Amino acid sequence: MTGPDRLPVADARRTWAWLRLELRARWIGGTLAALVGVVGAAASVVPAYALGNLVDRVRENAPVSAIVPIAVVIVAAAVVGGAATGTATYLIGRVCGHMLADLRERTVARALALPVTTLERVGKGDLLSRVSTDAASIGKAATSVVPTMISAFLLGVLSIAAMAGMDWRLGLAGAVAVPLYVAALRWYLPRAAPKYAAERRAVAGNSQLLVENMQGARTVHAYRLEQRRLRDIGDASHQVHDISVSVFTLFTRFVGRVNRAEFFGLAAILVAGFLLVRSGAATVGQSAAAAVLFHRLFNPIGMLLFTFDELQAAAASLARLVGVVDLAPDQGDGPDRPAGDADRPAGGVAARGGDAGCPGAGASAPGGAGLELSGVRFGYDGGPEVLHGVSISLPAGARVALVGSTGAGKSTLAAIAAGILRPGSGTVSVGGVALPPDRLRAHVAIITQEVHVFAGPLIEDLRLARQGASPGEIASALSAVGALDWATALPDGLDTVVGEGGHELTTAQAQQLALARLILVDPAIAILDEATAEAGSLGARTLEESAAAATRGRTTLIVAHRLTQAAAADRVVVMEHGRIVEQGRHQELVAAGGRYAQLWRAWEARTPTSTSR
Ligand SMILES: Nc1ncnc2c1ncn2[C@@H]1O[C@H](COP(=O)(O)OP(=O)(O)OP(=O)(O)O)[C@@H](O)[C@H]1O
């Protein structure tokens with residue numbers, strides 16, 4: 001279904017199955033659109049009929065007044081046809097638009113729930129291009145290409161049926177063109193796709209070259225590279241030109257084949273009409289009507305053929321979106337939340353020690369706030385194992401610091417404890433009940449170093465943690481972590497727009513915001529992964545105080561890079577190479593003279609003032 005470094009793409013069968021299911025779910029809208037479309041197409045056929053009738057009346061020397069009812073019919077058919085075709089286009093667009101909106105929502109929801117390691121493996125570019133470029137391509141097809149094609153298709157079928165209704169041989173003559181149209185399309189499509197792709201690549205390459213040279217203009221001048229770079233740009237532009245000309249040539253040849261099909265179809269109708277009139281099997285008016293009906297199809301069939309490649313592109317995009325939607329929740333090596341969201345438990349508020357607000361809470365609801373990891377093993381993405389059967393127990397309300405060298409496995413263990421990664425084997429229990437990652441996240445909140453500030457008013461960022469939190473609750477959370485002063489001093493106070501494109505917060509402020517969110521979420525268990533490591537030493541001390549306030553009364557696991565945090569913890573767990581090598585109280589471990597004592601001495605030597613704590 002997919003390469004190792006890409007999200008899956010659904011195959012054609014699965015994509016069709018999805019489409020059928022969606023259409024079935026919207027069968028009322030779809031049927032209505034089809035019925036109105038048939039009325040529109042039928043009304044478009046009527047004027048040709050009426051014209052044929054007129055020809056026969058003229059040949060019968062009918063009085064001039066005979067034209068009146070025919071004119072009335074033509075005008076009425078034009079009005080009904082126009083209204084029905086417009087309505088059908090709207091209805092088809094609406095059904096397709098709703099299907100697309102639904103698909104886009106589900107893709108984004110699924111994408112947000114993708115395992116962190118999957119996202120890291122495939123890169124965000126693949127995902128972004130699916131929810132943006134692919135969705136746009138389907139959107140265009142859904143609102144303009146598909147309605148046009150359906151109208152053209154209905155008109156084609158009804159016109160041939162109308163010809164056959166006059167005389168089956170006229171219908172057959174008109175149908176002569178169908179295999180020629182199909183042959184033209186089958187000739188064109190496989191040749192066009194690689195040419196369009198090459199054109200897009202060449203245009204992108206040329207733009208890249210232009211941008212590079214403009215950005216690097218100084219270097220180009222400094223090394224007197226102007227002539228060489230101009231030559232390169234000239235070559236790239238020639239390449240684009242050559243490919244564009246070849247694309248246009250191909251298209252012109254395709255148009256020639258379409259014209260040939262039209263010629264043979266029309267010629268067949270005229271010849272058949274001539275013979276039928278001569279033998280008395282059809283009237284001149286009927287033959288003329290058949291020719292007009294066929295000619296009337298030139299435009300719609302042209303549209304149908306010329307937009308076919310857009311439909312193909314949209315189908316390819318649809319397969320890419322369905323591929324994401326189809327991902328099972330637990331597919332990949334961990335569940336359901338992107339790294340940027342890691343500072344917020346899924347599902348919002350989890351009541352302390354219980355499952356309130358946790359969908360799926362049931363008979364096995366944990367009976368306390370103790371956290372226990374037992375025999376946890378883990379390796380990233382089929383790579384070597386980085387945790388080798390780690391067991392660690394945090395009694396309810398305990399404050400445990402995890403320390404160790406870079407790469408020891410601390411962050412990995414923290415992510416497993418928080419339900420962000422699924423252990424390869426072993427269990428994570430809360431209150432004595434082993435929980436799967438999705439249920440674990442209702443009890444455990446983690447703050448990582450990469451705190452994401454959501455774009456929008458600051459107060460709304462905080463309300464993401466607790467929907468409907470009152471201004472008082474928000475102010476109190478901010479105050480607890482020491483952020484109220486700077487937050488209220490922002491240009492618009494708590495309504496100041498922060499995040500991308502808004503007021504930029506410092507790293508420490510963003511960390512405090514995450515800690516305030518933690519208070520609002522009020523989880524039983526909190527995990528801080530380097531939450532205070534980023535800031536300078538003064539800021540770090542303030543953040544440590546904020547973190548202590550936010551985690552007060554909670555079972556807390558701190559991945560501690562600043563060993564002052566370890567010194568203040570109830571217990572210190574030392575990890576090396578994916579194993580726990582030591583654990584105990586700070587003083588005991590320092591006295592024992594083992595790995596922790598080494599780390600502590602190194603820390604003291606680096607930051608002598610910090611030992612005062
Ligand atoms: N996303 C990843 N993909 C593959 N390997 C990873 C990934 N993240 C971490 N690792 C590897 O897993 C091992 C443990 O890393 P981890 O980040 O858990 O250690 P750490 O003790 O938290 O280190 P640090 O203190 O530097 O954050 C390391 O060998 C690391 O290279």
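Author: Axes here are lines fitted to C-alpha atoms, for helices over the stretch in contact, with angles running from 0 to 180 degrees between N-to-C directions. The model is predicted: local features need pLDDT of at least 70, side-chain atom pairs count only at pLDDT 80 or more, and totals for chains, interfaces and linings use all residues. Residue numbers start from 1 along each chain as its sequence is written.

Reader: Why is H6 called roughly antiparallel to H8?

Author: The axes of helix H6 (residues 177–215) and helix H8 (residues 226–279) cross at roughly 165° and come within 9 Å. Angles over 145 degrees count as roughly antiparallel (under 35 roughly parallel, 65 to 115 roughly perpendicular, the rest oblique), so H6 is roughly antiparallel to H8.

Reader: What makes up the contact of H6 with H8, by residue class?

Author: The contact of H6 with H8 has 23 nonpolar, 8 polar and 8 charged residues. Ala, Val, Leu, Ile, Met, Phe, Trp, Tyr, Cys and Pro count as nonpolar, Asp, Glu, Lys and Arg as charged, and the others, Gly among them, as polar.

Reader: Which residues come nearest to the ligand?

Author: Tyr 380, Thr 406, Lys 410, Ser 411 and Thr 412 come nearest, of 13 residues around the ligand; a residue is near if its C-beta atom, placed from the backbone, lies within 6 Å. The shell around the ligand divides into 3 nonpolar, 8 polar and 2 charged residues.

Reader: Which helix gives the most to that shell?

Author: H12 does, with 3 residues. Helix H4 (116–166) and helix H12 (410–417) each supply at least two. Helices are DSSP runs (H or I, at least four residues), numbered from the N terminus.
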